[in-house]
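Reader: I'd like a close look at one part of this model, the place where the two chains meet. Could you walk me through it?

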Amino acid sequence: MNPFILKMERRDSLSAEERAVLEEAVARVRVLGPHEDVVREGDRPTDSTLVLDGVTCRYNLLGDGKRQITAIHVTGDFVDLHSFPLKVMDHGVATLTTCRLGVVPHARLKAITEQFPHLTRVLWLSTLMDGSMHRQWIVSMGRMPALGQLAHLLCELYLRLEAVNEASELRFKLPLTQTDLADTLGLTPVHVNRIVQELRQSGVVVWRTPDVQILDWDRLVRLAEFDPRYLHLHHEPR
Amino acid sequence: MNPADPPEIALEAREILNDGSRRIGYLVFCDGALAAVLIEVTEEDTGAIPGWYLEAGFGPCSSLRVVDPPIFPTLEDVAPWVVAQIEQAMN
């Protein structure tokens, strides 16, 4: 099954017809290796991309080649649904791991928005959830100590992966390099290394890249001041 | 002092607290005023080269001006960087 269906069915019921429409929306599957561009800033794509399996990121490049990762997208995320109405990409999307990507032509998205009002709201919800995560990341990166920022990212990714059956029993895979983490949290690799060590040494996590095991969820949540409301994991009619 | 004179950069070794341990570090002075604190980092810390990491900076060397704190491969690389920061701040 298309994991986007799994992700959205956590939040709302889909009819058999709506599920079939989402399955058929994927025209083909693209496989990319790690650290490859899916779309670049300035591109004018005619397809949107759904992550069937793997980890991708949205990023912006600065003049001196520095990179800020502004979102991490995992299995079930519709990474550039935005490009359908926005037309021109204002950021890039790249793979962080080997990825299987579902290619969804904008023509099919247009047909969905014209024929299936509830499914259109579900797609809208998906981009609103992306927005709520961006807001939370701004709060976290703007006002939390580095240790709290990383703790927050771990809490978030665990719950997002669990929602698409990619994590359970407080274990998950985080196949990001320390440079990826530094570019995500706006920290230097030196500081990322230090806070990873601190989380390990204080017995909160066991972390052998890519395997992360959370030993003390409550403590991680306290460090992160984590409140999962912004992930909108509850099920109700939208 | 003539304003055209380059500032005098001096380094003073100190132990610095670093998450449960102590490390060698340097206080960097610019004409006697504290400009930066460096801490020794290993290859494991940086994921790349070892050296001296700008742990804290003040004035032209502060995080308000330096987004990516540099890692200096050797202590000889510190003074030219501090001077460049001061010159950049004046321009």
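How many salt bridges are there between chain B and chain A?

Author: Keep in mind that this is a predicted model. The count between chain B and chain A is 2 salt bridges. A search of the whole structure, over all chains, turns up 16 salt bridges.

Let's take the pairs by name. In one salt bridge, the side chain of Glu55(B) meets that of Arg194(A), at 2.6 Å from N to O. Then there's Lys66(A), whose side chain forms a salt bridge with Asp68(B) at 3.7 Å, N to O. Lys66(A) sits in the loop between β4 (56-61) and β5 (67-73) of chain A, while Asp68(B) sits in the loop between β4 and β5 (71-72) of chain B, so this pair joins two chains.

Now for the wider contact. Chain B puts in 12 residues and chain A puts in 9 residues. Between them the chains bury about 880 Å², with 44% of that on carbon and sulfur atoms. There are also 5 residue pairs in polar contact between chain B and chain A, counting pairs with both residues at pLDDT 80 or more. On the side of chain B that touches chain A, at least two residues each come from β3 (33-41), α1 (43-46) and β4 (51-57) of chain B. The largest share of that side, 3 residues, belongs to α1(B). Sort the residues on this side of chain B by class and you get 5 nonpolar, 2 polar and 5 charged.

From α6(A), the contact uses Ala146(A), Leu147(A), Leu150(A) and Leu154(A), and from α8(A) it uses Ile195(A), Val196(A), Glu198(A) and Leu199(A). By class, that makes 7 nonpolar, no polar and 1 charged.

Helix α6(A) also packs against helix α7 (residues 178-185) of chain A, at an angle of about 105 degrees and with the axes 11 Å apart. These two helices, α6(A) and α7(A), are therefore roughly perpendicular to each other. Here Gln149(A), Leu150(A) and Leu153(A) of α6(A) meet Leu181(A), Thr184(A) and Leu185(A) of α7(A). This contact of α6(A) with α7(A) has 4 nonpolar, 2 polar and no charged residues.

How values were computed: Residues numbered from 1 in each chain as written. Chains lettered and ligands numbered in written order. Predicted model: local features only at pLDDT ≥ 70, side-chain atom pairs only at ≥ 80, totals over all residues. Heavy atoms only, no water. Contact = heavy atoms within 4.5 Å. Buried area = accessible area lost by both parts, 1.4 Å probe. Salt bridge = Lys/Arg side-chain N within 4 Å of Asp/Glu carboxyl O. Polar contact = N/O pair within 3.5 Å; in protein donor to acceptor, adjacent residues only side chain to side chain. Helix = DSSP H or I, 4+ residues; strand = E, 2+ residues; numbered from the N terminus. Nonpolar A, V, L, I, M, F, W, Y, C, P; charged D, E, K, R; others polar. Axes fitted to C-alpha atoms, helices over the stretch in contact; angles between N-to-C directions. Parallel < 35°, antiparallel > 145°, perpendicular 65-115°, else oblique.
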